Amino acid sequence: MIQHIKSLRTHELFMVDSREVTLRKELAERNVNTEDEDKYIVVDGENLEKIDAAATTEESEATMSALESQALEDETARLLSKLDKLSDPRAYPLFMAEKAAELVEYTWSGFAKAFEPRSTTSSTINGNNEMTLKERIVILGTGWGAASFVKDIDTRIYDVTVISPRNYFVFTPMLAGASVGTVEFRSITEAIRTINPKATFLEATAVNVDPTTKTILCESVVCGGNSCEIEGFSVNYDRLIVTVGAQTNTFGIPGVREHCNFLKQVEDARRIRNALVNCFERANLPNLSEEEKTENLTFVIIGAGPTGIEFAAELRDFIEQDGPKYYPTLLKYVRIKVIEASSTVLAPFDKTLQQEAISRLKEAPRIKDPEIRALLPERFELTELLLDSSVKEVTEKTIVLSNGIVVPYGMSVWAAGNGPLLITLQLIESLGEKQAEQQQSARGRIAVDPWLRAVGGNGDILAFGDCSCMIKGPLPATGQVAAQQGEYLAGIMNRKYNLSPPLTAKGVFLPPVRDPAVTKTSLSDSIAGFATNSYEYAKPFQFLNLGILAYTGGSTALAQVTPTPNSPIKSSGKIGNFLWRSVYLSKQVSWRNRLLVLNDWARRSWFGRDITRL
């Protein structure tokens, strides 16, 4: 009641005030003369001085505004020039010193984290000893970049959630070996929950990202009893890390997706392994002619990059080492054909190493048993390279080349390129015009700045790995690049750089900014700051090329290591194989994987490959 009376009084007072204003206005209008004003002009010195002063003030304000605008333009130009220089590659000696410091910091950090108690709370304590909610980071994917990021991110600071239809990381360079039984599938995989037990994992596929509401729509296959269904749910994020990788690109060639095997996932390697044994078992049936046996045992690899060449090498090993044991009478029918649209193989390698790979693949098969070797025709060629040959169409039993040649086959493997996933294309569209402007060079990948922030994402969305493209200096789509990017991003986030600073007056989006109150700078940051002459911003990502490797069969491999730019160290044969095995063994995620891979190599050497189809 009292409140009602107060409201009425307030309303009455408002009515009074309004009435007062109206009356004052009416009174003022009554006392303004608007007729024959020119008769009553009075011009005196005081009024003229005031008029001139007013005009001068207006001119002065306009001049000041123009000067301020020009100063702002000059300041923005200097800032853009500074940022452009900041993202240039750092001097190599300083960069190597920075990486050495990072190695020490990484080792010490890993040692300290091993003895930390597990925290399951979603809050943390800030500098004022107050409980605050942790920033929620959602990672899409469990590939090279995601595994590296998840392993290093500090879960004391962030609430980390990983979303992927695959609950494990797979060491993809050894999928070729797994597809013929050189190593087992579980030896080269590691559960994502094991990589970081303090992170939450959701087995689902992200189908839509809304940057406005910071929401991810996911779908998951849920099974109960003998029935399964797809259920949808949404996940909110504060910061999104997109590292979903890429899918195999068929370039729209008819029949590729329907009839070719790919080599991206464990399921692909398992499918190839079963198909390989099936080809031999089918060719061994008594009702087949010699021509039909040759067709069934013709294995075609499309693409002569590292994946295609390594699979061809592993397949040769299977035929040379295990073929005489299991299928001695069928070896004379076996053919391996490598089809490549360009004029060479292993494009990233030096020309001398490319020629070494070609020589190794084309040499006569190395079969130790003289009786089995005598069953082979004279000048028997196990591997044939078809260079400068592009695929026009793939049917159920033949591959049609653009030059008109038709190649019958029993099994085909497509290893010819990468393409974007649907979630990547959807996110690109959601990020708006700035992202769309970069797509001429990004071509279906998420354009990111040198700090891995998605263009148009305001620092809330970051991307790296095969699904991304750096707008300044695109990098190769390799696991080595993705792993370094994941480690880099986890590092600057752990040190609490501000990834989303406010825009400048001219709309310039600044690099991640150092906040003296919370940012923890390291020795490597100081070295990078000296190299870039900038200590206020986070160092941009810079890739350290550790070299490239490729297995070429028969316990030989190619190694191209780059200790300094433009000065690669090249090796091949047995020495290359030693480097290949050493690096691949050391790069395994855990000691469990290393021991399992060593066991597989020893088992294969003693007992041969397993050809059972389960």
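Helix α4 (residues 144–152) packs against helix α16 (residues 479–494) at an angle of about 30°, the two axes lying 7 Å apart. That angle makes α4 roughly parallel to α16, a label given to angles under 35 degrees. This is a predicted model, in which local features need pLDDT of at least 70, side-chain atom pairs count only at pLDDT 80 or more, and totals for chains, interfaces and linings use all residues. Residues are numbered from 1 along each chain as its sequence is written, and side-chain values use heavy atoms, with hydrogens and water left out.

Axes here are lines fitted to C-alpha atoms, for helices over the stretch in contact, with angles running from 0 to 180 degrees between N-to-C directions. Helices (H or I, at least four residues) and strands (E, at least two) are DSSP runs, numbered from the N terminus. The crossing of α4 and α16 is right-handed, meaning that the near helix is turned clockwise from the far one by less than a right angle. On the α4 side, Trp144, Gly145, Ser148, Phe149 and Asp152 meet residues of α16 that include Gly479, Ala482, Ala483, Gly486 and Met493; contact means heavy atoms within 4.5 Å.

Turning to strands, β8, β9 and β10 form an open sheet in that order, with antiparallel pairing. Two strands pair if DSSP finds at least two bridges between them. The edges are β8 (205–210) and β10 (227–236), each pairing on one side only. From one strand to the next, the twist averages 25°. Strand β9 (residues 215–224) runs antiparallel to β10 and is joined to it by 10 bridges; one of the residues involved, Gly224, has Ser227 of β10 as its bridge partner.

Strand β8 turns up again around helix α13 (residues 422–430), being among the elements that cover the helix's buried residues. Also in that cover are β11 (239–242), α14 (433–437), α15 (439–442), β21 (446–448) and β22 (461–463). Within α13, Ile423, Thr424, Gln426, Leu427 and Ile428 are buried, that is, under 20% relative accessible area with a 1.4 Å probe, protein chains only. After α13 comes Gly432, with a positive phi near 90°.

As for the whole chain, it holds 19 helices and 26 strands, and 43% of its 614 residues count as buried. Among contacts between residues at least 6 apart in sequence, 65% join residues at least 24 apart. The chain exposes about 33,100 Å², 55% of it supplied by carbon and sulfur atoms, with areas from the Shrake-Rupley method and a 1.4 Å probe.

Key. Buried < 20%, exposed > 50% of the residue type's maximum accessible area, 1.4 Å probe, protein only. Parallel < 35°, antiparallel > 145°, perpendicular 65-115°, else oblique.
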